Amino acid sequence: MNGGGGLGTFLAGPFSAFSRHWSLTRELTKRDVLGRYRGASFGLLWSVLSPFLMLIVYSIAFGSVFKSRWPQQVDGGPDYTLILFVGLIVHGFFTECLTRAPSLVVGNPSYVKRVVFPLEILPWPMVLSAFFHLLMNLAVLLLLYALRYGMPPPTVLLFPLVLLPLALVGAGTGWLLASLGVYLRDIAQITGVLSAAMLFLSSAVVPVETLSPRYQLVFHLNPLSFIIDQARNVALWNQMPDWRGLLLYAAVALLFCYLAHAWFRATRSGFADVL
């Protein structure tokens with residue numbers, strides 16, 4: 001009985017934010033989303049304006065200056081701007097988790113001092129907030145697609161499902177870097193560089209199949225490339241995702257999630273001493 005209960009607790013541990021602590025997780029997510037734009041004249045509208053402005057910059061740089069094209073581009077089909085936008089949406093979701101994770105514990109020392117506060121749920125409000133912004137960007141993508149080409153493909157409904165395995169990676173990254181950020185403050189300086197590398201060494205801005213074979217492996221090892229490719233399949237090209245690949249990706253992401261959560265719990269006892 002005790003062994004079964006212990007195993008059940010272990011298996012449910014990373015997801016306790018959605019069971020035992022859902023009300024707290026929801027409030028933290030709401031505060032995170034609204035607090036980010038508090039005092040800004042445009043408020044939540046910046047969640048749409050920021051990626052849209054970034055899209056303009058990348059479209060000019062890669063679409064107009066470097067004349068980048070995608071092998072799947074055909075006359076009358078989605079242009080480079082929309083193809084790029086899908087990549088930026090996926091990258092934006094993960095990079096928000098990556099760059100914010102090191103400060104989850106360091107930035108909330110009062111939570112550490114509260115014995116009853118469940119610190120392990122902190123990555124989930126971050127992931128849910130990032131997912132909210134992803135959905136806002138997806139709405140913009142659908143609007144742009146509709147204005148230029150008409151009704152988006154029905155497979156776009158699978159877009160959030162394609163992103164779920166990456167959400168597990170985001171949560172695992174949150175536990176790992178939140179813990180490391182307490183003991184190694186330089187982690188926060190590295191994540192910005194890593195975020196840029198993950199953008200330019202992924203299929204977000206470059207079609208991997210056009211690269212030299214010796215470089216393709218680096219791009220394929222980037223955890224964003226596969227998800228970006230699947231997201232484009234369902235959002236732009238009316239293709240079903242690679243279910244087998246997604247299942248394998250989700251299995252590895254889930255394993256990483258459990259290992260990162262276990263690491264966080266193992267190192268948590270020293271947070272108060274360091275902070």
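The model is predicted, so local features need pLDDT of at least 70 and side-chain atom pairs count only at pLDDT 80 or more, whereas totals for chains, interfaces and linings use all residues. Residues are numbered from 1 along each chain as its sequence is written, and side-chain values use heavy atoms, with hydrogens and water left out.

**First stop: the largest pocket**

Select Pro51, Leu88, Gly92, Thr95 and Asn137, which of the 21 lining residues are the closest to the centre of the largest pocket. A pocket is an open set of points on a 1 Å grid over the protein atoms alone, where a 1.4 Å probe fits, with protein on both sides within 12 Å along at least five of seven lines; lining residues have an atom within 4 Å of a point. The volume here is about 440 Å³, volume being the space filled by probe spheres set on the points.

Next, colour helices H3 (46-65), H4 (80-100) and H7 (123-149), each of which supplies at least two lining residues. Helices are DSSP runs (H or I, at least four residues) numbered from the N terminus. H4 gives the largest share, 8 residues. By class, the lining has 12 nonpolar, 7 polar and 2 charged residues; Ala, Val, Leu, Ile, Met, Phe, Trp, Tyr, Cys and Pro count as nonpolar, Asp, Glu, Lys and Arg as charged, and the others, Gly among them, as polar.

**Second stop: the second largest pocket**

Select Leu28, Arg31, Asp32, Arg100 and Tyr111, which are among the residues lining the second largest pocket. Its volume is about 210 Å³. Helix H2 (22-36), helix H5 (103-106) and H7 each give two or more residues to this lining, and H2 has the largest share with 3.

Keep Asp32 and Arg100 on display: they form a salt bridge, with the closest N and O atoms 2.3 Å apart (a side-chain nitrogen of Lys or Arg within 4 Å of a carboxyl oxygen of Asp or Glu). Asp32 belongs to H2 and Arg100 to H4, so the pair ties together parts that are 68 residues apart in sequence. The structure holds 3 salt bridges.

Select residues 159-183 (H8) and 223-235 (H11), whose axes come within 9 Å and cross at roughly 175 degrees. H8 is therefore roughly antiparallel to H11 (angles over 145 degrees). Axes are lines fitted to C-alpha atoms over the stretch in contact, and angles run from 0 to 180 degrees between N-to-C directions. Finally, show Phe159, Val162, Leu163 and Leu166 of H8, which make the contact with H11 residues including Leu224 and Ile227 (heavy atoms within 4.5 Å).

Terms used:
Angles under 35 degrees count as roughly parallel, over 145 as roughly antiparallel, 65 to 115 as roughly perpendicular and the rest as oblique.
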